[in-house]
Amino acid sequence: MSVVRRGPASRSRIACKRCRDRHIKCDQKQPCDRCQRDRVACSYGDQTTFTVKEWSPEEVGLPRIELAVGFAVVDGIARSAPYQFVNETPIIEDQYIITTETLSPVLSPKILQHKRTPSVALSSPSPSAQYLPLYRPSKPITSELDAFFLDRYCHIVGPWFDLLDSEQHFSYVVPHLALSHPLLLLSGLACAAKQHYLTSTQRGDTAFAYYDDALRMLTAALEDVSRSSSTAVFASCLLLAHCEMIDASNQDWHLHLSGTYSLVSTQGWNGRSGGLSQACFWIYCRMDVLSSLATATPTRLDTSVWLPGDDVQPAGGWTVDSWSNYVVLLLAQVHNLLCRVRRHHPTSTALFEEWNSLQELILAHERRAPWQFQPLALLEPDLLNEENPFRSTRYVSDAVCAGAQMFDLTRFLLILARPENTRNERMARFASQEEVATRFVDAVIANSVFNRRDISWVNAVQLLTSAGLALVGWPKRKALLRCLLDIHTRTGWNTKGNVDRLLDWWGWTGPLRERGLEWRDVTEEVGYVETVHECLGRVFELNYPSIL
């Protein structure tokens, strides 16, 4: 865990480098007035992710000594948690040290009320009472900065998490629950602040302060068994994992989920737990599947425990949410089978029987899709316009977009995952299935290209990358790259690495560099010239960890 060395209290939060070096007041403009007046370059040190500042507890009306005592409790508890949480900020870690005397200015009314007994203030409710704060008055936060980011959480981050949850637990339940859970509040604010600075010109020191304090509170909560079973802790784990994953390489996503996996497997939550815990579980499963796709490794959590019982149909019938969440399970099962088939030569009878069983489940699930999955519009591609190379389908909502996109990728991966005894048999089958494979790949990508919805886009980055590996044709490839960059601009999600990996996979990087061109300049195929079935063969045989 890192520690931040704080500078003098008089130092400006984001003073330019020249003013800092001269120890003079900076107005924090870009460029600042002093540098403009002296006609010199004004730099804010782009290599420094977070700026130093000494935060004073008096800013929120707390004596310094009481705050130090409060954190002593946390630091006394947070010595060795039973779960394997990793500090996934090595770059920041090298630059910062966070002292135990500081806390970001996020203090719920609970802490203010019990500030003379910090051990009570920093504890979470027992599992049996974890929803109690929702039904008794909770005082709102009073910090203008915290209010700004909490508002962004409610309107941006919460809906991302509620993609497949019509009850919108993360948008409505979590914010109120957070008023009585400092850890949950810090985690939500960290997500909102991180997304804000990734999509604006703002600096990220506030996001890091929220994140670091939340991480230390989480460590303390996990040490206490009664607190670690709280759904508020589960939600906090997901928010912090999201905070780490949004600007990380997709091949590192599994690292950010290691702690949450330990918690889920220990507590035994599943897709039928009900309430917020069930919503958290399905969010974790989506994260698990997406990170597994990025590394071509099986999901961490055994899919057999996702939906306990033999009857998969929900009690109230299939809804957009329940149907789409079951697609997440099918996608995980097909991907896990593909991982095993890649390793087994020749194939076994058991693998083929599993493939047949999954095919039947997928066909049955397609027939029970709710009526909302009927397209609103079907538009043919414009062959004279390179920016419209796909047949597009328009859907009614983000949840429907996401469910349909994951289902199309599932059907594509099922083609790859069918066991064969020899490579020649597999390539012959790929040649016979070029048309259907192309239809599924195009559907995955066209979904995001034409349904330009921020919420479903957040779920789409790895789906697009996985399908993009099998994409043939330079106009389609350019449309995919444009979409990935738009996702980054609008949501803050890191897609540059995905673009670079696709350029390498298609064989575009070298030719473009030699010609001094960018991919936007492409007007003909510059990479590998291959048929669809040859591309499918490469996707099946690729050394995934080294590519993605």
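This is a predicted model: local features need pLDDT of at least 70, side-chain atom pairs count only at pLDDT 80 or more; totals for chains, interfaces and linings use all residues.
The chain has 548 residues, of which 55% are buried. Its secondary structure consists of 26 helices and two strands. Among contacts with a separation of 6 or more, 74% are between residues 24 or more positions apart.

Two helix pairs show how parts of the chain pack. Two packed helices are described by the angle between their axes and the distance between the axes.

The pair to begin with is helix α9, residues 182–198, and helix α10, residues 205–223. The crossing of α9 past α10 is left-handed. On the α9 side, the contact is formed by Pro182, Leu183, Leu186, Ser187, Leu189, Ala190, Ala193, Lys194 and Tyr197. These meet Ala207, Tyr210, Tyr211, Asp213, Ala214, Met217, Leu218 and Ala221 of α10. Sorted by class, the contact of α9 with α10 contains 14 nonpolar residues, one polar residue and two charged residues.

The other pair joins elements from separate parts of the numbering: helix α15 covers residues 275–295, and helix α21 covers residues 454–468. Here the axes are 10 Å apart, at an angle of about 30°. Since angles under 35 degrees count as roughly parallel, α15 and α21 are therefore roughly parallel to each other. α15 also passes α21 in a left-handed crossing. Arg286, Leu290, Leu293 and Ala294 of α15 make the contact with Asn459, Gln462, Leu463 and Ser466 of α21. By class, the residues in the contact of α15 with α21 are four nonpolar, three polar and one charged.

A further helix can be considered by burial. Helix α23 runs over residues 496–506, and eight of its eleven residues are buried, so α23 is largely enclosed by the rest of the structure. Buried here means under 20% relative accessible area. After α23 comes glycine 507, which has a positive phi, near 80°.

Conventions
Residues are numbered from 1 along each chain as its sequence is written. Side-chain values use heavy atoms; hydrogens and water are left out. Axes are lines fitted to C-alpha atoms, for helices over the stretch in contact, and angles run from 0 to 180 degrees between N-to-C directions. Helices (H or I, at least four residues) and strands (E, at least two) are DSSP runs, numbered from the N terminus. A crossing is left-handed if the near helix is turned anticlockwise from the far one by less than a right angle, and right-handed if clockwise. Contact means heavy atoms within 4.5 Å. Ala, Val, Leu, Ile, Met, Phe, Trp, Tyr, Cys and Pro count as nonpolar, Asp, Glu, Lys and Arg as charged, and the others, Gly among them, as polar. Buried means under 20% relative accessible area, exposed over 50%, partly exposed in between (1.4 Å probe, protein chains only). Angles under 35 degrees count as roughly parallel, over 145 as roughly antiparallel, 65 to 115 as roughly perpendicular and the rest as oblique.
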